[in-house]
Amino acid sequence: MATTTATMAPTSDSDARRRREEHHEAEAVIVGAGVFGCAMAWALANQGRSVILLERWMKEPDRIVGELLQPGGLHSLKKLGLGHVLEGIDAIACHGYNVIYRGKSKHIPYPGMDEDGLVPHRWAGDGEGGKKPYGTCFHHGRLIANLRRACLGHSNITVVETEVTNTVKDDRSDKVIGVESLTVNPKTGKKQKDYYFADLTIVADGYASKWRSEVLKSAPIVKSKFYALELIDCELPIPGTGHVVIGDTFPILIYQIGTHETRILFDVPTNLPEASPKAGGVRGYIKNRCIPVLPPSVRPSVERALEDGKLPRSMPNSWLPPTRQTARGLVVLGDAMNMRHPLTGGGMSVAFNDVLVLSELLHPSQVPKLQDTRAVQSAMDTFYWRRKQLTSIINVLAQALYNLFAADDRELRILQRGCFKYFENGTIAGPAGLLGGVILQPAVLAYHFFSVAFVAIGLHFSTLITGPLGVLKLPLALLDVVLILWKASVVFVPVMWREACR
């Protein structure tokens with residue numbers, strides 16, 4: 001469809017609303033009313049922008065991830081003026097982690113922070129003292145429902161339930177000037193074509209984005225899935241913390257999402273033999289391999305949850321590094337642009353931080369008109385690098401920790417053991433602050449990761465050469481030093497380079 005319709009800055013709220021509702025024109029059209037889409041619509045609307053927010057299904061979503069908001073993400077949500085969306089959803093405060101390694105546990109609380117919002121003991125120490133940040137856990141759908149209610153109540157936002165099917169371009173410039181969609185006619189119940197026009201179209205349609213390959217020319221890498229159960233009145237070893245079970249199986253996450261509900265997620269790699277149909281499938285893997293390594297207080301709840309005989313719901317665990325994009329009236333953001341393994345629960349922290357950064361760069365004082373392609377492109381170029389202060393840490397940490405926690409070879413298992421020993425030694429403020437999104441220094445992440453590697457090397461070296469014939473194993477021990485350090489570098493450096501430097 002060829003059209004050259006261009007929006008103009010509205011002269012009043014009522015005029016802007018009329019243009020949105022009658023002519024389907026706004027300064028920004030946002031596709032996808034999820035975490036990022038709703039927050040972005042809210043941020044732009046608070047700047048006085050006229051926004052149309054499009055969503056295929058307005059009913060409350062039912063997802064098994066996006067249920068843990070780290071302290072850094074909670075801080076960003078409040079800075080956006082959206083802290084109230086956590087009210088009335090039975091959210092549960094989260095104060096850190098409990099890591100369980102082969103039956104042994106280590107409590108890793110979020111570290112204390114000073115008056116400037118910094119973690120004093122980020123390089124070493126347990127982080128005791130100072131003001132402790134906290135995160136929050138909840139039913140994902142309830143959060144989304146409240147975010148959508150906030151947008152529905154904003155005078156500068158019009159929310160429409162419609163299925164976006166294509167972009168609309170100006171034939172003369174090939175610039176995207178809006179979208180084509182299918183909307184159900186309330187009188188006939190049938191879908192009919194609809195069009196929405198804007199100076200800038202923002203696509204935030206989630207992990208299964210239909211626009212990603214067209215705009216970014218990239219695809220996510222999926223090596224495993226999370227299978228989920230909802231446990232009722234489960235007794236957790238340390239209430240108010242997220243539990244991570246590692247060592248004897250692939251990672252298992254447990255965290256409370258309501259007064260009576262607890263989520264448990266089982267990581268199952270693609271083509272895992274223990275989860276094959278011959279071995280009883282995923283349910284067989286959970287029964288035979290996972291339940292025996294869970295804390296005793298948790299096992300009865302898991303067994304009850306499996307009694308229905310159904311296959312647990314699943315979600316792919318994806319890694320998608322961010323890609324630079326050319327903003328010709330259209331940008332792709334949120335999970336459609338960048339994903340990481342959900343092991344560390346950093347996805348929503350990235351989303352809310354991205355909204356803060358981008359909305360600041362697109363502020364009317366910086367970009368008066370969103371139809372100014374050059375100004376928007378400049379903002380997107382700056383956004384790509386500025387967001388890395390947080391996202392490079394969250395993304396690298398997620399991928400690196402997953403490799404360690406899902407150790408599938410000898411060197412990785414040695415590193416996994418060293419990681420738990422590192423926590424046992426009391427160096428937890430830095431790792432916990434990085435996980436919580438309150439430490440924004442990639443150098444701190446590199447320091448702790450390789451410190452773990454050297455602890456693992458020392459632990460393995462001393463174990464190998466202990467005994468009367470230990471000295472004879474010295475050459476093997478020295479070789480292992482090289483192999484372990486090499487493995488650590490392979491796990492960390494390529495991902496860090498891709499996330500922080502490209």
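Visitor: Why is glutamate 411 called buried?

Guide: Buried means under 20% relative accessible area, exposed means over 50%, and partly exposed lies in between, with a 1.4 Å probe and protein chains only. Glutamate 411 has 15% relative accessibility, so it counts as buried. This is a predicted model, in which local features need pLDDT of at least 70, side-chain atom pairs count only at pLDDT 80 or more, and totals for chains, interfaces and linings use all residues. Residues are numbered from 1 along each chain as its sequence is written, and side-chain values use heavy atoms, leaving out hydrogens and water.

Visitor: What is glutamate 411 in contact with, leaving aside its neighbours within four places in sequence?

Guide: Contact means heavy atoms within 4.5 Å. With those neighbours left aside, glutamate 411 is in contact with Leu483, Ile484 and Lys487. Its place is in helix H11, residues 410-424; helices (H or I, at least four residues) and strands (E, at least two) are DSSP runs, numbered from the N terminus.

Visitor: What makes H11 and H13 roughly perpendicular?

Guide: Axes are lines fitted to C-alpha atoms, for helices over the stretch in contact, and angles run from 0 to 180 degrees between N-to-C directions. Angles under 35 degrees count as roughly parallel, over 145 as roughly antiparallel, 65 to 115 as roughly perpendicular and the rest as oblique. The axes of H11 and H13 (residues 442-464) cross at roughly 105° and come within 8 Å. The two helices are therefore roughly perpendicular to each other. Among the H11 residues that meet H13 are Ile414, Leu415 and Tyr422.

Visitor: How do you know that helix H6 is mostly covered?

Guide: In H6 (residues 281-290), seven of the ten residues are buried, including Val282, Tyr285 and Ile286. Their cover includes strands S12 (221-232), S14 (252-256) and S15 (261-269), along with helix H7 (299-305).

Visitor: What makes a set of residues a nonpolar core?

Guide: The set must be buried Ala, Val, Leu, Ile, Met, Phe, Trp, Tyr and Cys residues joined through side-chain atoms within 4.5 Å. The largest such core here has 85 residues, and Ile264, Leu294 and Val302 have the most contacts inside it. Helix H10 (residues 388-405) gives the most to this core, with eight residues. Apart from it lies another core of 71 residues, among them Leu147 and Ala327.
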